[in-house]
Amino acid sequence: MKVLEQTSYRLRVRDYPWLMWFVGGFFIFMPILMLSFFQVEEIHCQRQTVPYECIITRTSLVSQERVKIPLTSLYQAKLEDYIDSEGESGPMYRVVLEVAGQSIPLGYASSVVGNRAAIVEQINQFRANPNQTQLSARLDDRRLIEIFAGVFFLVGMALISLTSVLTLDLDQRRGTFTIQHANFFRRTQKELLLREIGDIAIESDEDSDAYRVVVHLTSGEKVPLRNYYSSGYNNKKKLANLLRQFLNLPPL
């Protein structure tokens, strides 16, 4: 909350929806961060030059890693059930290379079996067929992440662009209380008469610890300063008391 003007006859206050903007920024930033570190994995095997080998390349927007596997050390590729941290097997599968007594995962676990089963078959066929000189396969699961990121990005942009900056203008000379909402796309304004204001109160949401400041008119009508509830009771109380002081009402 920022006091733009405060005199004996006029009070102008602006309230910025910092929390909503922060949440919107979080919705935008997190998927971008996930995409930055999400890896696309490729395997290239060749028998054209010595040493015969397979190279696994893991590439993201911020890094690249290469793992070389001698072809003589590659025992087999297999499709493995993914076991989660609680030891429960779910409908998830991943490609695993058995190399010289150890298992090297290729790509992430996924419920989509088809592509992974095909890659396992390709690798095993290459290993078993000495006449095949090269093999290339790619695991790219970014499509689901991109859809997820797109949805989150749109939600974040909506929160930032549609959430309004609230400006209150109380003018004793004109006898008006102007409530203005402005976002990136539109500006709305509601004007009340000061003589019609009976009280300034804080209203709480029944289902959560969220609040909003409400103007009570002598007619019985309630005019909320914002249509939604949000956390932060002390900030709401500070704004309500500032308005009550200007209207010569006792503090809450």
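1. Please keep in mind that the model is predicted.

2. Both strands belong to an open sheet of five strands, ordered β1-β2-β10-β11-β12 and paired in the antiparallel sense. The edges are taken by β1 (2-6) and β12 (187-193); each has a single partner strand, so one side of each lacks a neighbour in the sheet. On average, neighbouring strands here are turned by 10° against each other, direction ignored.

3. Which helix packs on this sheet? Helix α4, residues 233-246, does so, with contacts to β1, β2 (10-15), β10 and β11. The direction of α4 makes about 170° with that of β2.

4. The largest nonpolar core is worth a look next, and it counts 22 residues. L168, L170, F177, I200, V215, L225 and L243 have the most contacts inside it. Two or more residues each come from β2, β10, β11, β13 (197-204), β14 (211-217) and α4. The most is given by α4, with five residues.

5. Setting aside residues up to four places away in sequence, L170 touches Y9, R10, L11, T176, F177, L194, L243, F246 and L247. There is also a second, separate core, made of 20 residues, and A77, I123, L135 and L139 are among them.

6. Now to a helix pair. The axes of α1 (residues 18-37) and α3 (residues 142-162) come within 8 Å and cross at roughly 160°, which means that α1 is roughly antiparallel to α3. The crossing of α1 past α3 is left-handed.

7. What does α1 bring to its meeting with α3? The α1 residues include M20, W21, V23, F27, I28 and L35. On the α3 side, I145, F148, F152, F153, V155 and I160 are among the residues they meet.

8. Finally, a word on F27, which lies in helix α1. Leaving out neighbours within four places in sequence, F27 is in contact with F152, F153, V155, G156 and L159. By contrast, V112 lies 85 residues from F27 along the chain, and their C-alpha atoms are separated by 27 Å.

Key:
Residues are numbered from 1 along each chain as its sequence is written. This is a predicted model: local features need pLDDT of at least 70, side-chain atom pairs count only at pLDDT 80 or more; totals for chains, interfaces and linings use all residues. Side-chain values use heavy atoms; hydrogens and water are left out. Two strands pair if DSSP finds at least two bridges between them. Helices (H or I, at least four residues) and strands (E, at least two) are DSSP runs, numbered from the N terminus. Axes are lines fitted to C-alpha atoms, for helices over the stretch in contact, and angles run from 0 to 180 degrees between N-to-C directions. Contact means heavy atoms within 4.5 Å. A nonpolar core is a set of buried Ala, Val, Leu, Ile, Met, Phe, Trp, Tyr and Cys residues joined through side-chain atoms within 4.5 Å. Buried means under 20% relative accessible area, exposed over 50%, partly exposed in between (1.4 Å probe, protein chains only). Angles under 35 degrees count as roughly parallel, over 145 as roughly antiparallel, 65 to 115 as roughly perpendicular and the rest as oblique. A crossing is left-handed if the near helix is turned anticlockwise from the far one by less than a right angle, and right-handed if clockwise.
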